[in-house]
Amino acid sequence: MILPVVLAGGNGVRLWPLSRAAQPKPFLPLLDEGESPFQAAVRAASALGAPLVLGRDAHRFLAAEQLATLGVDATLVLEPEPRGGGAALALAAFCAPDDATLLVLPAEPPGSLPPAGSDVTRWTVGRSETGVVWDLVPARAVCDAVASLLGAKAVDALQAAADTRADLSFRRVPNRAWDDVPHLDADLLRRHAGA
């Protein structure tokens, strides 16, 4: 089973003054016909099914409004505070079924999707002029990498964080569990998950 995942973080500093903390680059209308990079990533991901979207609580209404304009059925999981792309990826893996393979798209302008029949037993990376546009990895490999890198306490915290609760159209990560999730660099997690 392939689960499309969109990571929608951002601090609003890369494209300042257009981008601000309250409206970071992924949500700006930077693409054709006023589409945001977030909307482009979600649209690409939804070609494979209902995506799991991870974003910050501070951007919940931006994300929900932009999802609504697309008419895409997505699960929007909200992180209370940023912990890095690796922590968001790990949370997605802990939210996914054990047999899932995650197709991870950052909320940046996406390029092409992986070809049908790709080998998903290891990391597969697609690139375009803008850099990495998608990653394909088994959820179990990410969970195992978290255990190897950070130990049982981090695994317990992420398992608790994955037990989200419904709030309007969002799924909220429990604050207490997220407090115990350490900052995790996505590249470091990628290297360990692909080993």
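Biologist: What is the relative accessible area of Cys95?

Modeller: This is a predicted model, in which local features need pLDDT of at least 70, side-chain atom pairs count only at pLDDT 80 or more, and totals for chains, interfaces and linings use all residues. Residues are numbered from 1 along each chain as its sequence is written, and side-chain values use heavy atoms, without hydrogens and water. A residue is called buried under 20% relative accessible area, exposed over 50%, and partly exposed in between (1.4 Å probe, protein chains only). Cys95 is partly exposed, because its relative accessible area is 29%.

Biologist: Which residues does Cys95 touch, not counting residues up to four places away in sequence?

Modeller: Cys95 belongs to helix H3 (residues 85-95); helices (H or I, at least four residues) and strands (E, at least two) are DSSP runs, numbered from the N terminus. Contact requires heavy atoms within 4.5 Å. Beyond the excluded neighbours, Cys95 touches Leu52 and Ala162.

Biologist: Which residue has a side chain in polar contact with that of Ser36?

Modeller: Ser36 lies in the loop between strand E1 (2-8) and helix H1 (37-46), and it is classed as buried because its relative accessible area is 1%. A polar contact is a pair of N or O atoms within 3.5 Å; within protein, one must be able to donate a hydrogen and the other to accept it, and residues adjacent in sequence count only if both atoms are side-chain atoms. Leaving aside neighbours within four places in sequence, the contacts of Ser36 include Pro26, Phe27 and Leu28. At 2.5 Å, the side-chain partner of Ser36 is Gln66.

Biologist: What is the distance between the closest N and O atoms in the salt bridge of Asp144 and Arg140?

Modeller: About one helical turn separates Asp144 and Arg140, because they are 4 residues apart in helix H4 (residues 139-150). Asp144 is partly exposed at 43%, and Arg140 is partly exposed at 37%. Their closest N and O atoms are separated by 3.3 Å.

Biologist: Which residue is the salt-bridge partner of Arg190?

Modeller: The two partners lie in helix H7 (residues 186-193), 3 residues apart, about one turn of the helix. Arg190 counts as partly exposed, because its relative accessibility is 23%. With the closest N and O atoms 2.6 Å apart, the partner of Arg190 is Asp187.

Biologist: Which residue caps the N-terminal end of H7?

Modeller: The buried residues of H7 are Ala186, Leu189 and Ala193. They lie on the same side of H7, because they cover an arc of only 65° around the axis, taken from the directions from the helix axis to the C-beta atoms. At the N-terminal end, a side-chain oxygen lies 3.1 Å from the backbone nitrogen of Asp187, and the capping residue is Asp185.

Biologist: Over how many bridges do E1 and E2 pair?

Modeller: Two strands pair if DSSP finds at least two bridges between them. E1 is mostly covered, with 6 of its 7 residues buried, and it pairs in the parallel sense with strand E4 (residues 101-106) over 6 bridges. Leu7 stands opposite Pro106 in E4, while Ala8 stands opposite Gly55 in E2. E1 and E2 also pair in the parallel sense, and their number of bridges is 4.

Notes:
Salt bridge = Lys/Arg side-chain N within 4 Å of Asp/Glu carboxyl O.
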